[in-house]
Every structure is written in C-alpha cells, then in structure tokens.
Amino acid sequence: MIVIFLGPPGAGKGTYSELLSERLKIPHISTGDILRDAIEKKTHLGKLASELIDRGELVPDDIMMGLLAERITRFDAHKGFILDGFPRTRQQSEKLDELLGVLLRSITYIVNLELTDQKIVDRLTKRRVCTNCGAIYHLVKNPPKIENVCDICGGKVIQRPDDVEETIRHRISLYRDKIKPVMDYYSIHDGFITVSGDQNSTAEIEDLFEELGL
Ligand code: AMP
C-alpha cells in the first residue's frame with residue numbers, strides 16, 4: 001500500500017503517518033526529516049537545504065525527486081510506504097507518478113488533512129520535537145515529563161527553528177499557494193479522501209483509520 005498525507009504544516013501529517021506506519025508495518029517517509037537529518041550530518045544536501053528550510057522556503061523539485069527516488073527504492077519500502085511532506089508541488093506529483101510507473105506501482109490513498117490557520121499557529125508555536133527519535137510533543141497537551149528531554153529515548157527536545165510564528169505563517173501561505181494544483185491533480189484519484197486534522201487523541205485517529213478501512 002502507498003499512502004500520501006497532504007496537509008498544511010501542523011495538520012498532523014507526522015502523527016497520523018507514524019500511527020499508520022505502525023498499523024500497516026510499512027515505513028513512514030518524511031522528506032522534512034530526511035532533510036533535517038542531512039543538516040545534522042552537515043552533508044552537501046544539508047548545507048543547501050538548511051538556509052531554505054529556516055526561511056520556510058521549499059527545496060528545489062529536482063533535489064527532492066532524487067532524494068525520494070533513493071528512499072522509496074530501498075528494501076524496506078518494497079511492501080509499501082507512507083509519504084509525509086511529499087509531494088508539495090504539481091511537478092513533484094507528476095514526477096512521482098512517473099517514477100511509480102517505472103516501478104510498476106501506484107498510489108493507493110491520498111489523505112488530505114484539513115486544519116484552520118489559527119489552529120495551525122496555536123499548534124506549531126507549542127510543538128517541540130526530539131532531535132534523536134523525532135517524537136512530537138505539545139507544551140500544553142503533551143509535554144515531555146522532564147523539560148527538554150524525550151520520554152522515549154532521552155534525546156534532546158527542541159523547538160524547530162521554523163516553528164516560530166512569522167515563519168509558520170509564511171509556510172502556511174506557501175503551502176496554500178502550491179497545493180492547489182496538487183489537489184487538482186489528485187482530485188480525480190479514487191483514493192483521494194479529505195479528513196479533519198483536528199483529532200485529539202491516538203484513539204480518535206485509530207478510529208478514523210478503521211472507518212477508512214486503512
Ligand atoms: P516538514 O517537516 O514537512 O514541515 O518540512 C520542513 C521543510 O523541509 C519545508 O518547509 C521545506 O523547506 C522542506 N521540504 C520538505 N519536504 C519538501 C518537499 N517535498 N519539497 C520541497 N521542500 C520540502
């Protein structure tokens with residue numbers, strides 16, 4: 001099964017993808033995480049991506065395609081995978097279909113998560129992430145038990161540099177701009193579903209997956 005999560009930053013793509021990945025036993029591929037990993041490791045890609053990400057800009061399509069092709073052709077993705085944060089432009093959607101065509105595979109579901117701008121800002125300014133395992137926290141609803149320390153792996157919990165209000169608002173507007181042609185592209189796909197990104201607990205998300213037959 002190949003599932004794509006679309007949605008503005010903060011709509012819950014990471015959380016939904018992680019839960020679905022555990023449920024279906026297929027990898028969760030977050031292009032944002034791959035880029036942040038490259039930044040951490042100070043690779044050539046990381047240096048290039050770092051400045052763009054901090055400004056809330058998109059990394060060029062050709063770079064993203066190379067990175068994605070390398071990741072989805074790895075052995076662990078042979079049964080399927082979940083994409084979080086890709087595609088983000090019409091060109092990425094088209095190129096993804098071309099690549100999947102060559103691999104004789106196709107997208108099963110495109111799940112479009114919806115959330116209002118105000119809820120996104122409220123959520124993201126309070127979001128904290130573990131730099132080691134990627135666990136996601138919320139300062140009010142789900143803070144780590146020890147400040148700045150991950151409950152799961154003991155890693156360092158930080159605020160992402162692009163999770164500040166001005167950059168968040170820029171990322172939302174960029175998303176709304178670029179995603180319209182992506183939505184148009186997928187709207188005729190049988191597996192295109194729009195759902196609320198406002199589920200408040202793991203149980204609610206699991207119920208939603210059940211309803212969708214995922
Ligand atoms: P995310 O973790 O999905 O919010 O992504 C963080 C940042 O990584 C984005 O704001 C972009 O700068 C970059 N990025 C992630 N995925 C893509 C993509 N598919 N195309 C272009 N840039 C991306």
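A salt bridge here is a side-chain nitrogen of Lys or Arg within 4 Å of a carboxyl oxygen of Asp or Glu. By that rule, the whole structure holds 18 salt bridges. This is a predicted model: local features need pLDDT of at least 70, side-chain atom pairs count only at pLDDT 80 or more, and totals for chains, interfaces and linings use all residues. Residues are numbered from 1 along each chain as its sequence is written, and side-chain values use heavy atoms, with hydrogens and water left out.

**Terms for position and exposure**

- Helices (H or I, at least four residues) and strands (E, at least two) are DSSP runs, numbered from the N terminus.
- Buried means under 20% relative accessible area, exposed means over 50%, and partly exposed is in between (1.4 Å probe, protein chains only).

**Salt bridges**

- Arg23 and Glu210 pair through their side chains, at 3.0 Å from N to O. Arg23 sits in helix 1 (residues 13-24) and Glu210 in helix 8 (residues 202-212), so this pair ties together parts that are 187 residues apart in sequence.
- Arg23 is partly exposed at 29% relative accessible area, whereas Glu210 is exposed at 57%.
- Arg36 and Asp33 form a salt bridge at 2.8 Å, N to O. Both belong to helix 2 (residues 31-40), 3 residues apart, or about one turn of the helix.
- Arg36 is partly exposed, with 28% relative accessibility. Asp33 is also partly exposed, with 39%.
- Lys180 and Asp184 meet at 3.2 Å, N to O, in another salt bridge. Both lie in helix 7 (residues 165-186), 4 residues apart, about one turn of the helix.
- Asp184 is partly exposed, at 40% relative accessible area.
- A network of salt bridges links Arg127, Arg160, Asp162, Asp163 and Arg171.

**Ligand site**

- The ligand is surrounded by 15 residues, of which the closest are Thr31, Glu57, Gly85, Arg88 and Gln92.
- Helix 2 supplies the largest share of this shell, with 4 residues.
- By class, the shell has 6 nonpolar, 4 polar and 5 charged residues. Ala, Val, Leu, Ile, Met, Phe, Trp, Tyr, Cys and Pro count as nonpolar, Asp, Glu, Lys and Arg as charged, and the others, Gly among them, as polar.
- A polar contact is a pair of N or O atoms within 3.5 Å; within protein, one must be able to donate a hydrogen and the other to accept it, and residues adjacent in sequence count only if both atoms are side-chain atoms.
- Thr31 places a polar side-chain atom 2.8 Å from a ligand nitrogen.
- Arg36, the salt-bridge partner of Asp33, has a polar side-chain atom 2.9 Å from a ligand oxygen.
- Arg88 has a side-chain N or O atom 2.9 Å from a nitrogen atom of the ligand. The protein covers 96% of the 480 Å² of accessible area that the ligand has on its own. Such areas come from the Shrake-Rupley method with a 1.4 Å probe; for residues, only the protein chains shown count as cover.

**Cysteines**

- A disulfide is a pair of cysteine sulfur atoms within 2.5 Å. The count by this rule is 0 disulfides.
- The closest cysteine sulfur to that of Cys130 is in Cys153, 3.6 Å away, which is too far for a bond. Cys153 is therefore in no disulfide, its nearest cysteine sulfur being that of Cys130.
- Cys130 is buried, at 4% relative accessible area. Cys153 is partly exposed, at 32%.

**Backbone geometry**

- Phe86 and Pro87 are joined by a cis peptide bond, with omega about 0 degrees. Pro87 is in the loop between strand 3 (81-84) and helix 5 (90-102).
- Lys25 is not a glycine, and its phi is positive, near 60 degrees. Lys25 occupies the loop between helix 1 and strand 2 (28-30). With 67% relative accessibility, Lys25 is exposed.
- Asn148 is not a glycine either, yet its phi is positive at about 65 degrees. Asn148 lies in the loop between strand 6 (136-138) and strand 7 (157-158). Asn148 is partly exposed, with a relative accessible area of 44%.

Conventions. A residue is near a molecule or strand if one of its heavy atoms lies within 4 Å of it.
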